[in-house]
Amino acid sequence: KVAFLGPEATFTHQAAISLFGRSALFRAADTIEEIFGLVEKGVCRQGVVPIENSYEGAVNSTLDLLYKFELKIAAEVFLRIRHHLLSRIEDIKKLKQLYSHPMAIAQCRSWIRDNLPGISVKETESTSLAAEIACEERYAAAIAGRLSGLTYNLPILRENIEDHPDNVTRFLVIGKTASEPTGKDKTSILFSLSHKPGALYRVLKSLAEKGINMTRIESRPMKRRNWEYLFFVDLEGHEQDENVHEAITEMEGLCDFVKRVGSYPAGGDPWD
């Protein structure tokens, strides 16, 4: 059983299907935190959560929950985000209302401005909910993915209306078990530092000296005391690789806090 950010037909659902196939048993969750909770309690074996978008940046709630929960990252997948204008109305000039998730609206802002000037735009909790509303409301349209159109039987009025055609979202699979090395892996860690000159430099120097490529670094407030930050880092390699193991062990001596979030197979080309 796999938890995903619902309702049915969201991009997270689509990412889950691309990872596990349609034979898996899926369970929709209302929030990302609910996904973590379902996996932690054993209700679901794994969960799929968004972690970052190539244009909108990090999904901060996922970063915070990786710190809060004792779960491991087991895999990642990249999904190319294709937004479509879905509606039962065949003439685009008759549309009066547009619905979608705030991130989808932001990713189609230029197209909306150029093609739907003056139309009322309302935000929804998900793109699939927008499609459900557009299915029931006259003169309404939704910005959503193809899966939403198929699920709610909504025709595609305009295809690929996203402002950037190379728009990609990265999703993570979270669970309780670690992944074995594959030869092409990533390792994610969380760490915090004391307010001392050169503290971050010494940590990053340790990685550089061992030939480890850092593919991502993000900082988040720790929310325990003001002006203390948590760093989320992705590294190339598996925790069992000698250089990665030595670097993380060295970091544990340099940092106030280190959490090994997981080593997992690196995602390939984006699913389209």
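Cys255 is buried, at a relative accessible area of 9%; buried means under 20%, exposed over 50% and partly exposed in between, with a 1.4 Å probe and protein chains only. Cys44 is buried as well, at 1%. The structure holds zero disulfides, a disulfide being a pair of cysteine sulfur atoms within 2.5 Å.

The model is predicted: local features need pLDDT of at least 70, side-chain atom pairs count only at pLDDT 80 or more, and totals for chains, interfaces and linings use all residues. Residues are numbered from 1 along each chain as its sequence is written, and side-chain values use heavy atoms, with hydrogens and water left out.

**Pockets and cavity**

Rolling a probe the size of a water molecule over the atoms shows where empty space is left. On a 1 Å grid over the protein atoms alone, a cavity is a set of points where a 1.4 Å probe fits but cannot get out; a pocket is an open set with protein on both sides within 12 Å along at least five of seven lines, and lining residues have an atom within 4 Å of a point. Grid points are joined across faces, edges and corners, and a volume is the space filled by probe spheres set on the points.

| Space | Volume |
|---|---|
| Largest pocket | about 640 Å³ |
| Second largest pocket | about 280 Å³ |
| Largest cavity | about 30 Å³ |

The largest pocket is lined by 29 residues, of which Leu5, Thr12, Pro50, His101 and Glu125 are the closest to its centre. Its lining divides into 13 nonpolar, 13 polar and three charged residues. In this count Ala, Val, Leu, Ile, Met, Phe, Trp, Tyr, Cys and Pro are nonpolar, Asp, Glu, Lys and Arg are charged, and the others, Gly among them, are polar. Elements that supply at least two residues each include α1 (11-20), α4 (102-107) and α6 (127-136); helices (H or I, at least four residues) and strands (E, at least two) are DSSP runs, numbered from the N terminus.

In the second largest pocket, α1 provides the largest share of the lining, four residues. The lining there consists of six nonpolar, four polar and five charged residues.

The structure holds one cavity of 30 Å³ or more. Its lining is made of Leu63, Asp64, Leu190, Arg220, Leu230, Phe231 and Phe232. Strand β14 gives the most to this lining, with three residues.

**Helix α2 and Gln46**

In helix α2 (residues 32-40), the buried residues are Ile32, Ile35, Phe36, Gly37, Leu38 and Val39. Their cover includes β1 (2-5), β2 (26-29), β3, α3 and β11 (168-175), where contact means heavy atoms within 4.5 Å. After α2 comes Gly42, with a positive phi near 85°.

Gln46 belongs to strand β3 (residues 46-53) and is buried at 18%. Leaving out residues up to four places away in sequence, the contacts of Gln46 include Val39, Ala74 and Ile174.

Asp241 sits in the loop between β14 and α9 (242-254) and counts as partly exposed because its relative accessibility is 30%. A polar atom of the Asp241 side chain lies 2.8 Å from the backbone nitrogen of His238.

Glu252 is part of helix α9 and is partly exposed at 38% relative accessibility. Glu252 touches Val258 and Arg260, not counting residues up to four places away in sequence.

Note on methods. Polar contact = N/O pair within 3.5 Å; in protein donor to acceptor, adjacent residues only side chain to side chain.
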